[in-house]
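Here is a short briefing to read alongside the model. Have the viewer open and follow along topic by topic.

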Amino acid sequence: MKKTNLKLRVILILAITILGLYKVFMPNITGAGARLPKKSDFTIAGIKQNLRENIHLGLDLKGGSHLVMRVKTEEHLKRLTEDNAVAALNAAKAKGLPVSEGHAEVGTNNYRVVLTADDASKINEVREAIENERNVELSDRLGWSFSSSGNKLIWNLTGAAQRTLSDEATKQALQTIETRINALGVAEPTLQTHGAQDSHQILLQMPGVTDPERVKKVLRADSRLELVHVISPPSPAPSQTYSTREEAIASLNSSGTIPANRKVLEYSERMDPSSESKENQNQPKAVKWVVVETPAIIDGSELRNAAGVPSRAGGTEDYEIQFSLKKSGADKFGAWTGAHINDYMGVVLNDQVRSIAYIKSQITDTGEISGRFTKESAEDLALTLRSGALPASIEYLEERTVGASLGDDSIRAGVRASLVGLLLVVLFMLFYYRGSGVNAVVALILNMILMMAGLIIFGATLTLPGIAGIILTIGMAVDSNVLIFERIREELRTGKTVASAVEQGFGRAFVTIIDTHVTTVVSSLFLFLFGTGPIRGFAVTLILGLIINLFSAVYVSRTIFIWLLSRKERAESLSI
Amino acid sequence: MIQIFKDVKIDWLANRRVFIAVSILLMLAGLFSAIYRQWNHQRNPSAPQAFNLGVDFKGGSVITVKFKQRPPAERIHAAIAQQGVHDAIIQPVTDKPDEVLVKMPLEGPDTGSSGDAQVDPGQTKVRRALASFGSEAAGDLASDPNAAYKIVGTEAVGPVAGQQLRNKAIAVTLAALVGILLYIAFRFEWTYGAAAVIAVFHDVLVTLGFFSIFQWEISLTVIAALLTLVGFSVNDTIVVFDRIRENRRLHRRDSLYKITNDSINQTLSRTVITSGLVFLSVLAMVIFGGEVLFGFSVALLIGISFGTYSSVAIASPIMVWWEQRLDAANRALALAPKPLGGTAAGARTNGVPVKSRPAAAGVRNQSRGAGRA
């Protein structure tokens with residue numbers, strides 16, 4: 001081996017080692033919080049602090065919550081189908097088409113809108129008129145396949161369209177959740193789709209949040225806002241309310257059915273369903289019923305902004321939500337209020353009428369929802385209104401929280417186990433292989449440092465199974481050294497010179513090391529690609545450790561041998 | 001120079017029947033335990049199932065509670081039962097005297113429809129039950145003088161997620177095995193790959209057998225441990241196979257039987273040292289890793305032991321047996337009058353394996369009768 005070659009090797013190794021040490025123990029010089037190292041970074045406390053800041057700990061070590069939820073996309077499809085059925089029937093009535101009845105049929109993976117024409121011969125005429133209607137989304141292009149049977153017109157939502165719409169709903173839910181989480185000020189959340197695509201699952205991880213109840217409440221909040229026309233004699237008469245649902249329905253017609261353009265809704269004045277305070281629970285529920293017109297004047301999609309503000313009327317504890325409308329919504333709203341002076345309008349939240357007021361003058365773009373909110377509930381509600389409605393409600397499949405103290409205990413246990421393992425290995429290697437054992441120990445420690453550096457560079461998180469992966473890397477690293485040393489011993493026994501025994505030992509053992517490493521990396525890659533949380537964390541450290549091991553246990557260890565041999569002209573013995 | 005083995009000459013393959021019998025017995029013991037427990041469970045639902053699946057796979061809740069003064073497990077159980085949860089298991093944490101784990105199966109079939117957005121409503125009941133022991137600390141337990149306990153961790157897995165995790169764990173394990181098989185087949189021969197995978201499969205089954213017999217809980221981390229032992233066991237097997245491949249090139253005249261024995265003996269020091277060291281570091285995990293790492297470490301401890309054993313006692317004999325069978329079949333082909341696949345039949349001597357078997361395989365069946373004659 002030539003001297004220059006050795007020099008190059010040493011320079012490369014030193015450079016990588018210094019880089020690794022820097023990455024692990026010194027402040028980062030790129031990205032957020034970048035700064036140059038200062039004097040205090042070289043104290044033990046400084047190094048500890050930097051180490052803690054550099055390594056991303058997983059939730060199981062740092063504490064936090066982990067939520068897996070499913071978007072109930074079937075709800076979204078159901079609502080879509082029902083809305084279309086109502087819109088189609090309304091359109092037919094408005095245009096005077098010969099249609100007697102219309103409804104939605106919803107089953108498992110089966111969504112259809114059915115209209116009944118007066119006469120089977122009119123089917124084509126009705127179909128064309130309905131599909132061309134602007135408010136109706138029933139067309140082949142949108143995934144509704146048409147069929148007819150007798151005098152019935154049937155639009156079936158195709159499987160492909162169901163999938164596309166469900167995927168879109170999931171994506172929209174993800175966006176809505178992201179807006180809400182960010183508005184809540186959760187630090188460094190992880191939000192992504194989870195599992196197979198057709199499972200419509202979302203994973204949310206929030207480090208440091210050990211009580212996710214408030215977050216869950218905000219996420220769960222299904223905030224559909226509508227401004228509706230309340231059917232009532234105009235002001236100054238009081239708004240028309242009914243004490244029972246039956247009474248409200250009876251006022252519509254004598255047959256006891258609700259026409260398609262009317263809805264009967266609960267009106268719970270001055271109640272706050274999102275706050276479950278004892279005070280509210282003890283009060284008797286003052287439930288009334290009102291009849292409103294459907295579709296609504298405008299809905300939450302026309303909202304530009306919403307904010308929780310102290311109520312102008314109430315005391316210090318009373319809050320209300322002030323909202324403003326977008327241009328298109330303001331136009332519609334302005335036109336309607338202009339035409340309905342003295343009529344009653346209701347603010348409907350999640351199919352519950354929250355407040356009723358009469359129109360004093362034309363309103364264009366602002367309004368408020370009052371109803372004895374607390375500061376937090378008003379702000380949370382405003383937040384969910386701002387972020388838009390969830391396309392469907394969500395259900396939780398998995399929920400884990402880890403307290404910070406539990407995480408600390410796990411780190412301590414993991415680090416202790418690693419150190420004890422490392423110590424045992426080091427002692428044995430020094431005892432059994434003497435001088436060459438030092439090689440192995442240097443390689444091992446370098447491996448640990450570079451693995452940490454690797455985790456930092458790739459921004460990977462260290463989890464509890466990840467620590468287990470590190471312990472196993474120690475095992476594999478030692479195995480490489482044992483393979484090499486045993487081989488060198490064998491070669492020495494056959495009477496070879498030290499130099500050629502080292503050469504041959506490394507050469508032969510290298511083939512085996514490559515084979516063992518590649519097989520383990522292959523199986524770990526599967527874990528990484530298809531595994532879930534903890535399994536993945538384990539695969540990351542193992543893959544990193546194995547790749548680094550090829551450098552530390554083979555390249556570095558060999559360089560040390562070359563250096564040792566180069567110091568003597570004719571090496572006759574080797575401490576191995 | 002300290003050496004564990006000097007020039008060993010053990011005839012490993014001579015004992016193959018004993019080895020394989022022992023392994024089959026161990027696997028049968030595990031299988032018997034699983035089947036018996038499952039059968040018993042069906043007659044008596046309170047008896048344990050084949051495997052003690054953790055909440056990850058079965059669904060359910062685990063709540064970790066830290067007490068200032070831990071009440072006896074029976075009292076906690078009674079308090080929780082009063083809230084209507086009767087099948088909760090109260091498990092004191094062995095390495096932390098002030099903590100308990102409250103484990104319970106899922107309450108009720110569906111939680112989403114009730115409007116309650118919790119995965120498991122049972123958790124609320126446990127929280128209510130715990131309140132009878134005092135108040136929960138808002139911050140750190142030690143710094144709150146009025147608090148009696150603190151919930152330091154919760155886990156809840158719904159039935160859908162549980163099943164999903166279970167299926168995924170099985171799929172990932174099988175995929176990893178196939179990956180290993182393909183790589184070894186590519187680097188060696190497919191017989192080597194198959195032998196290695198059979199050995200690994202054996203290790204996983206034996207380890208699972210232990211988990212059934214002793215009813216240790218199987219969680220996601222235990223699956224990670226099983227996958228690790230797959231890696232380690234294959235690692236061991238490859239070291240031996242690698243030496244066999246090398247020796248076959250060096251000593252073309254020796255029989256595969258002798259070469260295999262020699263190779264095992266030559267790598268014996270390495271096998272013992274590496275496995276011993278890994279065993280020691282895993283033992284450190286069992287002892288110092290605490291409750292969280294217990295399942296993981298114990299699975300590895302058993303797995304590493306059997307992984308080492310199987311690479312010597314299972315993988316090598318199977319590979320030798322298989323190769324000899326193929327060799328005999330090929331020789332029979334070569335002796336047969338007018339071999340149909342003439343070029344391929346002669347190519348395989350007892351020297352270096354030749355990768356042209358598909359042609360010979362095609363005619364093996366047709367000429368078997370002729371070969372025996």
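Chain B meets chain A through 58 residues of chain B that are in contact with 57 residues of chain A, where contact asks for C-beta atoms, placed from the backbone, within 7 Å. This is a predicted model, in which local features need pLDDT of at least 70 and side-chain atom pairs count only at pLDDT 80 or more, while totals for chains, interfaces and linings use all residues. Residues are numbered from 1 along each chain as its sequence is written, with chains lettered from A and ligands numbered from 1 in the order in which they are written.

**Where the chains meet**

- On the side of chain B that touches chain A, two or more residues each come from strand E6 (147-157), helix H5 (159-187), helix H7 (220-250), helix H9 (268-288) and helix H10 (290-335) of chain B; helices (H or I, at least four residues) and strands (E, at least two) are DSSP runs, numbered from the N terminus.
- H5(B) supplies the largest share of that side, 14 residues.
- By type, the residues of that side of chain B divide into 35 nonpolar, 17 polar and 6 charged. Here Ala, Val, Leu, Ile, Met, Phe, Trp, Tyr, Cys and Pro count as nonpolar, Asp, Glu, Lys and Arg as charged, and the others, Gly among them, as polar.
- Strand E18 (residues 394-402) of chain A runs antiparallel to E6(B), joined by 5 bridges; strands pair if DSSP finds at least two bridges between them.
- Within this pairing, A:Glu398 stands opposite B:Val157.

**A:Phe526**

- Look for A:Phe526 in helix H14 (residues 498-530) of chain A.
- A:Phe526 is buried because 22 other C-beta atoms lie within 10 Å; the cut-offs are 20 or more for buried, 12 or fewer for exposed, and partly exposed in between, with C-beta atoms placed from the backbone.
- Leaving aside neighbours within four places in sequence, A:Phe526 is in contact with B:Val172, B:Ala175, B:Ala176 and B:Gly179.

**Strand E15 of chain A**

- All 6 of the 6 residues in E15(A) (residues 344-349) are buried.
- One face carries A:Tyr344, A:Gly346 and A:Val348, and the other A:Met345, A:Val347 and A:Leu349.
- Strand E9 (residues 225-230) of chain A is antiparallel to E15(A), with 6 bridges, and A:Glu226 has A:Val348 as its bridge partner.
- E15(A) also joins strand E16 (residues 352-358) of chain A through 6 antiparallel bridges, including the one between A:Leu349 and A:Gln352.
- E15(A) and E16(A) form a hairpin with 2 residues between them, and A:Asn350 in the turn has a positive phi of about 50°.

Note on methods:
Two residues are in contact if their C-beta atoms, placed from the backbone, lie within 7 Å.
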